[in-house]
Amino acid sequence: MVPFLDLRKQYHSIKSEVDEAVLKVLESTQYVLGDEVVAFEEEFAAYSGAKYGVACNSGTSALHIAMLAAGIGPGDEVITIPMTFIATVSAIRYTGATPVLVDVDPVSRNMDPSQIEQAITPRTKAICPVHLYGQSADMDPILEIAKKHGLHVIEDAAQAHGGEYKGRRCGSMGLAAGFSFYPGKNLGAYGEGGLMTTNDPEIARLARMYRSWGEEKRYYHKLHAFNYRMDGIQGAILRVKLRHLETWTERRRAIAAEYDKQLAGLGLELPVQVAGNRHVYHIYGLLSPDNQDLAQSLRDKNVQVAFHYPVPVHLQEAYSDLGYKKGDFPVSERIASMELSLPIHGDLDDAQVAVVCDAVIASVEERKAPV
Ligand SMILES: *Cc1c(COP(=O)(O)O)cnc(C)c1O
């Protein structure tokens with residue numbers, strides 16, 4: 001069986017380092033924030049090419065404090081995409097602002113910059129591109145449009161740890177960015193976790209206050225805010241795992257290259273790494289009109305697969321009040337109806353990759369054969 005994720009295998013490969021780090025936190029009694037979290041904030045910000053890191057209890061809260069620190073609130077509009085995990089839109093909604101959606105580009109499957117300007121209104125305050133699946137959005141035109149119209153850019157980098165755009169790291173290009181350390185992400189905590197990056201000292205200062213009860217000084221509350229702090233244990237674990245992240249990322253990239261090679265010419269639409277990007281392959285998603293049947297066939301051959309994501313945001317029940325309807329974002333809807341994610345992670349070995357490739361090839365051949 002080839003698992004979609006294998007967090008136990010990963011844990012066992014770094015067990016002694018992780019166990020030691022956790023025990024150190026237990027002994028220190030720094031259970032919320034503390035030295036390990038501060039050190040992790042500095043190390044992860046540096047890894048992402050940003051000046052400041054503000055550690056949180058989830059990627060969603062990191063995005064939320066980024067938007068609050070940018071001054072986004074009720075009456076404002078934030079432009080983002082429907083082909084994303086729901087949290088992008090939830091974070092916008094938490095501030096009281098309205099998400100405004102634009103479709104994605106069929107090749108990159110990320111925000112289509114040519115659609116942004118027609119979505120701008122006098123209420124637009126920010127653009128929130130998503131570096132979906134681990135590949136950067138096309139940031140130069142997005143930043144240019146933002147500058148021209150006086151808008152903030154807040155990156156949803158929840159899937160793109162170490163991803164790059166023309167040599168710049170995801171999380172370093174906009175006013176601020178949100179990363180997630182949900183266990184299944186490229187850098188995962190052993191519980192929930194997230195972090196906001198920024199190069200702006202004032203945004204960092206405000207975000208720290210929004211993360212922790214609006215305090216700058218203990219028990220003096222300047223802002224109506226939240227309890228979004230990272231646990232000390234998660235900070236310590238993430239520091240250990242950050243030291244292995246590049247190795248795991250290079251392994252993901254090697255697996256993607258192997259899938260690209262082995263699965264070419266089968267009539268499947270494989271993911272495209274856009275020139276100038278360093279794709280970190282949080283997800284390796286192929287598109288096929290019969291993705292459901294293909295998934296069943298792969299499961300029958302002991303390969304675990306997943307769908308990212310079966311329903312785009314504008315067709316989710318929770319956001320029906322945004323007023324969109326089927327047909328509004330044809331590229332996103334097409335991806336949602338055809339996407340199938342293959343196993344890809346740092347602990348997948350060559351034999352497992354071969355099993356996946358053989359299973360996909362056999363499944364495609366079987367369904368081509370006359371019945
Ligand atoms: C995971 C994810 C988030 C939210 O992160 P959590 O840590 O789960 O709160 C936001 N956006 C995208 C694109 C994600 O994949």
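**Close-up 1. The buried residues of helix 9.** In this predicted model, helix 9 spans residues 291–300, and its buried residues are Asn291, Leu294, Ala295, Ser297 and Leu298. Viewed down the helix axis, these buried residues fall within an arc of 165°, so they line one face of helix 9. In general, an α-helix has 3.6 residues a turn, so residues three or four places apart point the same way. The cover over the buried residues of helix 9 includes strand 13 (284–287), helix 10 (330–338), strand 14 (339–342) and helix 11 (350–368). Just after helix 9, Asn302 adopts a positive phi of about 65°.

**Close-up 2. The surroundings of the ligand.** The ligand is surrounded by 14 residues, of which the closest are Thr60, Asp156, Gln159, Ser180 and Lys185. The side chain of Asp156 has an N or O atom 2.7 Å from a nitrogen atom of the ligand. An N or O atom in the side chain of Gln159 lies 2.8 Å from an oxygen atom of the ligand, and for the side chain of Lys185 the distance from an N or O atom to a ligand oxygen atom is 3.1 Å. Taken alone, the ligand exposes 380 Å², and the protein buries 93% of that area.

**Close-up 3. Strand 9 and its pairing partners.** In strand 9 (residues 194–198), 5 of the 5 residues are buried, so the strand is largely enclosed by the rest of the structure. Gly194, Met196 and Thr198 point one way from strand 9, whereas Leu195 and Thr197 point the other way. Strand 1 (residues 52–56) pairs with strand 9 in the antiparallel sense over 5 bridges, with Tyr52 opposite Thr198. Strand 8 (residues 176–180) also pairs with strand 9 in the antiparallel sense, over 5 bridges, and Gly178 stands opposite Met196.

How values were computed. Residues are numbered from 1 along each chain as its sequence is written. This is a predicted model: local features need pLDDT of at least 70, side-chain atom pairs count only at pLDDT 80 or more; totals for chains, interfaces and linings use all residues. Side-chain values use heavy atoms; hydrogens and water are left out. Buried means under 20% relative accessible area, exposed over 50%, partly exposed in between (1.4 Å probe, protein chains only). Helices (H or I, at least four residues) and strands (E, at least two) are DSSP runs, numbered from the N terminus. The arc is that of the directions from the helix axis to the C-beta atoms. Contact means heavy atoms within 4.5 Å. A residue is near a molecule or strand if one of its heavy atoms lies within 4 Å of it. A polar contact is a pair of N or O atoms within 3.5 Å; within protein, one must be able to donate a hydrogen and the other to accept it, and residues adjacent in sequence count only if both atoms are side-chain atoms. Accessible areas come from the Shrake-Rupley method with a 1.4 Å probe; for residues, only the protein chains shown count as cover. Two strands pair if DSSP finds at least two bridges between them.
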